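Okay, thanks for having me, everyone.

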Amino acid sequence: MNFNEIYSYCGTLGKLQDGNLPTSLIKLGEETGELNEAYLRSIEYKSSEGTDPVMDMKKECADGIIMLLDIAQKLEMSENELYELLEEKLEKWRVKYSLV
């Protein structure tokens, strides 16, 4: 899948789940919590028998990105607008940290 297909698919999944913004925001929080939990397992703060905490963190990152893309679509953000805003925000970080 290319990014355009992924973006479209995330919006479709969001509509199938429930279709409203508050639910998607709560789900994003849940995914963030799961990422934090996987991190705690990776530093052995929490038991992780039979799992790969680093792979779990990677999977939770993907889940979080899916939810963010769903939320972006619920806010009627086009792919072009998303790219423009990402470039704008990345430029701010580049300037802040003097990256050339």
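Before anything else, here's the rule I'm using: a salt bridge is a side-chain nitrogen of Lys or Arg within 4 Å of a carboxyl oxygen of Asp or Glu. And keep in mind that this is a predicted model. With that rule, the count is six salt bridges.

Let's start in helix α2, which covers residues 21–42. Glu30 pairs up with Lys27 there, and their closest N and O atoms sit 3.3 Å apart. The two are three residues apart, so about one turn of the helix. Glu30 is partly exposed at 39% relative accessibility, and Lys27 is partly exposed too, at 23%.

Now over to helix α3, residues 53–74. Lys74 and Asp70 form a salt bridge there, with 2.6 Å between the closest N and O atoms. They're four residues apart, about one turn of the helix. Lys74 is partly exposed at 22%, but Asp70 is buried, at 2%. As for shared partners, salt bridges link Lys27, Glu30 and Glu31 into one network.

Last stop: Glu81, Glu84, Glu87 and Glu88 make up a negative surface patch. Glu81 lies in helix α4, residues 79–96, and is partly exposed, with a relative accessible area of 35%. Okay, over to you folks.

Technical notes
Residues numbered from 1 in each chain as written. Predicted model: local features only at pLDDT ≥ 70, side-chain atom pairs only at ≥ 80, totals over all residues. Heavy atoms only, no water. Patch = residues over 30% accessible without salt bridge, like charges linked within 9 Å, V, L, I, M, F, W, Y side chains within 5 Å. Areas by Shrake-Rupley, 256 points an atom, 1.4 Å probe, with all protein chains shown as cover. Lys, Arg positive; Asp, Glu negative; His and termini not counted. Charge placed at Lys NZ, Arg CZ, Asp CG, Glu CD. Buried < 20%, exposed > 50% of the residue type's maximum accessible area, 1.4 Å probe, protein only.
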